[in-house]
Amino acid sequence: MTSMNNPGSTSWDAPAPGHISLGGNPGPSEEDGRDSVVTDRAVVSAPDPAAATPAELLPAAADHYSLFQDVSGEDLRAWADARSLAAEVLPRINDWWDRGEYPIELIARLGELDLLTDGLDVPGHRTLSPLATGLVNMELSRIDGSVGTMVGVQGGLALRSIMLLGSEEQKQRWAEPLATGTEHAAFALTEPDHGSDSVSLETVARRDGENWVLTGQKRWIGNGAGCDLSVVWARVDDPADEKLHGQVSGFLVDQSLPGYEAEVIRGKVALRAIHQAHITMTDVRIPLDRRLPGARSFKDTSKVLFATRAGVAWGALGHALACYESALEHAQKRIQFGRPLAKAQHIQVRLASMLQTLTSMQLHCVRLAELEAAGTIRPEQASLAKVHNTRAAREIASDARDMLGGSGILLENRVVRHRSDIEALHTYEGTDTMQSLIVGRSITGVSAFA
């Protein structure tokens, strides 16, 4: 693990072999030599990667209630470590995004900075507080949504499944390589016909002697192709075990096994610098000890999902922050009718409205971190924050894109990339409708799911 006092000591200057192309096969891209789409005409400045104080990381113009100005110690160091990636990622992210190319070596870079644990207690690694975990999610999404999603998939979902529900042997095998990013993992729950109703999943794990035999399909699985491990959720077919038979459990599946086939999904217009796969499993055989022993029903799966929902609210905040900052800078620099746009009344009103929305997002996130730190957070509270913040991020991103005019549709100015990526956050980890129904159930005491 890289020292916390010098987390960026290992350089990462250019892509190494390991990029994944749209075909889903690891290997260097044939287009690595292509000129970047970034030009010097960008109207938005890159953030300062050396920022290390709260005021530098989040200026007062974006922290109106000074909610983050007293962040200090390990929380501040983790936040600054996440910000440091901006200098490495921003010069190339538009090119990756434009080509739909996954720079999977970034996962190891995140591991070097010790940012992959997502608040989990992993031996040998710093344990981030709920606030620090949120700030890391925010900052990485402020850089790019695909980078934030890398942590969400690798640490938030795959590693969390093993740390919460795995055996000691499974933890010993996978905790370190997943926390350092030397091996890459997926969380395979969603299916072609089961997204919001994932509890009804059809993938089956049938016991056959000393093996489990998995058959079924999964879809929209980050890291599901060309990586190492998939945490596959399947319905158990084992009549000999009355308590487990028919229940949902998790299985650790090596992606290189016979019968495991994965194809990268093409045609995405969001999160284009990370790949999702359509997985088909045909009689994939794994030993009995590859089942997560703590996963004995879908309620156990939900523990993993609930823990990551707050992270999506923080990620949406990062996207909204990037868009707001871009709109503010553009208004200050752009000269129209002989004066800066920022002197126009309607521009100031729009910026003030964006700041109101941004501040409400920040309040949701800070309160979630406080509740989680106190151990009193409830699932419906995370659901409310997820719904509110993804809706609010869409609003801010659309307003920022409009304020930039024609420049707003150029990748080099970042807003349109964030605006597109927010659409994925609005859907994943539970759609707006499903999260609202969770809140509605807590309000009324009546479930409307069925």
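Which helix gives the largest share of the lining of the second largest pocket? In this predicted model, local features need pLDDT of at least 70 and side-chain atom pairs count only at pLDDT 80 or more, while totals for chains, interfaces and linings use all residues. Residues are numbered from 1 along each chain as its sequence is written, and side-chain values use heavy atoms, with hydrogens and water left out.

The largest share of that lining, 6 residues, comes from H8, a helix being a DSSP run (H or I) of at least four residues, numbered from the N terminus. The pocket, an open set of points on a 1 Å grid over the protein atoms alone, with protein on both sides within 12 Å along at least five of seven lines, has a volume of about 380 Å³, taken as the space filled by probe spheres (1.4 Å) set on points joined across faces, edges and corners. Its lining (residues with an atom within 4 Å of a point) comprises 23 residues, of which Ser45, Pro47, Arg142, Glu325 and Glu329 lie nearest the centre. Helix H1 (54–57), helix H5 (130–143) and H8 each give two or more residues to this lining.

Helix H8 (residues 298–333) also approaches helix H10 (residues 379–403), their axes, fitted to C-alpha atoms over the stretch in contact, coming within 8 Å and crossing at roughly 20 degrees on a scale from 0 to 180 degrees between N-to-C directions. The two helices H8 and H10 are therefore roughly parallel to each other, a term that applies to angles under 35 degrees.

Terms used
Parallel < 35°, antiparallel > 145°, perpendicular 65-115°, else oblique.
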